[in-house]
Amino acid sequence: MLSQVYRCGFQPFNQHLLPWVQCTTVSRSHCIQPSVIRHVRSWSNIPFITVPLSRTHGKSFAHRGELKHAKRIVVKLGSAVVTRGDECGLALGRLASIVEQVSVLQNQGREMMLVTSGAVAFGKQRLRHEILLSQSVRQALHSGQNQLKEMAIPVLEARACAAAGQSGLMALYEAMFTQYSICAAQILVTNLDFHDEQKRRNLNGTLHELLRMNIVPIVNTNDAVVPPAEPNSDLQGVISVKDNDSLAARLAVEMKTDLLIVLSDVEGLFDSPPGSDDAKLIDIFYPGDQQSVTFGTKSRVGMGGMEAKVKAALWALQGGTSVVIANGTHPKVSGHVITDIVEGKKVGTFFSEVKPAGPTVEQQGEMARSGGRMLATLEPEQRAEIIHHLADLLTDQRDEILLANKKDLEEAEGRLAAPLLKRLSLSTSKLNSLAIGLRQIAASSQDSVGRVLRRTRIAKNLELEQVTVPIGVLLVIFESRPDCLPQVAALAIASGNGLLLKGGKEAAHSNRILHLLTQEALSIHGVKEAVQLVNTREEVEDLCRLDKMIDLIIPRGSSQLVRDIQKAAKGIPVMGHSEGICHMYVDSEASVDKVTRLVRDSKCEYPAACNALETLLIHRDLLRTPLFDQIIDMLRVEQVKIHAGPKFASYLTFSPSEVKSLRTEYGDLELCIEVVDNVQDAIDHIHKYGSSHTDVIVTENEDTAEFFLQHVDSACVFWNASTRFADGYRFGLGAEVGISTSRIHARGPVGLEGLLTTKWLLRGKDHVVSDFSEHGSLKYLHENLPVPQRNTN
């Protein structure tokens, strides 16, 4: 270990820098040399990704998802990010978090640069402390007392504060980066350093040499000597360095960086001043959109405001650097805001030169909201007519649909597993079944919306009703299931809900034509926009954050998809099940003829379905009986791989592979077999290892069956019936949006009823609460009134 410390931040750098630079407290063997490949470290709790980082600079990234390929990145820290709320001193917690994120990205092989404010605030803190100390000593000497009068602190000149704060700020950064074995170097610049050609070349060479040596340059305007900013002094095609926003933009373009991240104290760019009632965060900002934005006042500290940031961002974008403006002060996001941006997550405002061909997902959400409200006001017969028309289109346009599906299957060949290919495939029989299901939905939708559930006479001429209404806007995310689109669309239409659909890219061609047919059907009553298909490059996690546009998320796909959505959804309810671990308990009094039929249908008819059998529970008295042998023989014929549970394995000399977990959804021709002592033991096993989806008992004993039906706490509990009956179509619901294992609102196969909520209607005649007080003239009646009979035809 070398005893001498080389402080990169205080050394002059030029074209002839040393071939290696030692980081503080790091031995020579660990110093970064130009020829050494950077090693990706795993010491941070911030997740990071390994991506190819080579990129030819020239054009900015068109989409957020491409930001993960950024190699050279400038992070600009605004004064509001670096300083405390009292504008005197630094926000040490935020700075430490930012340094950690920059270190993570640096150790991924990226080239990171910081443009930081904070010298003035740090110097102000030091100078105020010195002034207070000096004044208190003088006052104590003059008064001869320890009691100090109120002391006035003079206004501190910014350049003096900067001079006093620069060294301390850099020492702080250096100490923080040292914790991650990263060296940092300080560079102070002024406007002249960019306007003088020789100084520009020197600066450029210094920065490139630092990056080559894996050192993080920390750049700041030299506020100790910088002259006051001159308004409107930009040169033709060049931005003047008036503040750290313009400095960051100029530096990003000069160094041909891929990404500029500007951190401030607001979430990004809004279409009106943040905090105003109608202010909306702009997700993507395009050149020429300035006219649609109203700028507010500048930041509480610092030289620039949002207008200065936008001007600098657009200038950098024109120079080929992508830009994101985001919040670096919010305690819930500041700990991962930089890494989230680089991973392509929807954070802040992304500046792009490429406008999408269609509407943004936010605009689609608004269209679905307004379209859904119009849909809800239609007569039931009109909604039914739309669904009937869609059913007709599915059969009339069969050839076009199957041709599009053929393209999807050809593109998916070799990329998708056989069960997923089966889900992706459409056929004439599937389309005919879909049409039949849609007509069932149309028939059941006649009195769904606006149905009166309860009527109460509160008092004379004051009547209350509870009626059904749509939930609002639904987001349905589905994988490899194009037949899901018309089913869900029909249920949304019948229930008067707006709908956002996000299908898997493997079914893009099928989904596109099915959505066009859906909108064609909606057009007959002028509500085409009520159902939207999200075709933009939106990540599912980003869609789950649109809590102001989406009222309910319904995932339809793998258990992993459901879990990911439940984790990502912030403030939006998720209806669904993460797993379909379905059990069948074969009782000691089960019929030999029924058992093999039920097991075969539950496991082998469609093993990839969420309602397929995954665990078979056998009563111990059935072991080594003809019934048990018949079950095993049938499973062998069907080529089902058997996994033995712990108890079952203990009965066998040579057992099948022992199950790794009793809580497994195989989704294939695999089955776990376990032994139980009685019906109560079976129920206990189901409650411990099941997913509350669908569970079955096979027995001829009615009392045992009823005990099982009443005590198993699952969404669907059957007696002598296949698990595959857990389906909206088979239940007579017409179709389903999914199967829910949650305990509120809807449970089991969710059809039309599960997409409705209620509201209360109160009709009175000048009624006020004071009339019902102790000395009032009216009394509460609370009489139940008859409810109109539901049309069940």
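User: Of the contacts in the chain with a separation of 6 or more, what share comes from residues 24 or more positions apart?
Analyst: That share is 74%. Contact here means heavy atoms within 4.5 Å. One caution: this is a predicted model, so local features need pLDDT of at least 70, side-chain atom pairs count only at pLDDT 80 or more, and totals for chains, interfaces and linings use all residues. Residues are numbered from 1 along each chain as its sequence is written, and side-chain values use heavy atoms, with hydrogens and water left out.

User: How many helices and strands does the chain have?
Analyst: It has 23 helices and 24 strands. Both are DSSP runs numbered from the N terminus: helices are H or I with at least four residues, strands are E with at least two.

User: And what percentage of the residues is buried?
Analyst: Buried residues make up 51% of the 793 in the chain. Buried means under 20% relative accessible area, exposed means over 50%, and partly exposed is in between, with a 1.4 Å probe and protein chains only.

User: Which residues touch the most other members in the largest nonpolar core?
Analyst: Leu375, Ile386, Ile387, Ile401, Leu499 and Leu501 do, out of 50 residues in that core. Helix H15 (residues 484–495) gives the most to this core, with nine residues. A nonpolar core is a set of buried Ala, Val, Leu, Ile, Met, Phe, Trp, Tyr and Cys residues joined through side-chain atoms within 4.5 Å.

User: What is isoleucine 387 in contact with?
Analyst: Leaving aside neighbours within four places in sequence, isoleucine 387 contacts Leu438, Ile441, Ala442, Ala490, Ile493 and Ala494.

User: How do the axes of H12 and H16 cross?
Analyst: The axes of H12 (residues 398–412) and H16 (residues 508–522) come within 7 Å and cross at roughly 155°. The two helices are therefore roughly antiparallel. Axes are lines fitted to C-alpha atoms, for helices over the stretch in contact, and angles run from 0 to 180 degrees between N-to-C directions. Under 35 degrees counts as roughly parallel, over 145 as roughly antiparallel, 65 to 115 as roughly perpendicular, and the rest as oblique.

User: Which residues meet there?
Analyst: From H12, Glu400, Ile401, Ala404, Asn405, Lys407, Asp408 and Glu411. They meet Ala508, His509, Ser510, Ile513, Leu514 and Leu517 of H16. The contact divides into six nonpolar, three polar and four charged residues. Ala, Val, Leu, Ile, Met, Phe, Trp, Tyr, Cys and Pro count as nonpolar, Asp, Glu, Lys and Arg as charged, and the others, Gly among them, as polar.

User: Why is H7 called largely enclosed by the rest of the structure?
Analyst: Because 10 of the 11 residues of H7 (residues 244–254) are buried. Among them are Asp245, Arg250 and Glu254. After H7 comes lysine 256, with a positive phi near 55°.

User: How do H7 and H8 cross?
Analyst: Their axes come within 8 Å and cross at roughly 5°, with H8 spanning residues 306–318. That makes H7 roughly parallel to H8. Asp245, Ser246, Ala249, Arg250 and Val253 of H7 contact Ala308, Lys309, Ala312, Trp315 and Ala316 of H8.

User: Now loops. Is serine 480 buried or exposed?
Analyst: Serine 480 is buried, at 4% relative accessible area. It sits in the loop between strand E11 (473–478) and H15. Not counting residues up to four places away in sequence, serine 480 touches Leu416, Leu420, Arg423, Leu424 and Glu506.

User: And where does serine 181 lie?
Analyst: In the loop between helix H4 (158–178) and strand E3 (184–189). Serine 181 has a positive phi of about 60°, although it is not a glycine. At 30% relative accessibility, serine 181 counts as partly exposed.
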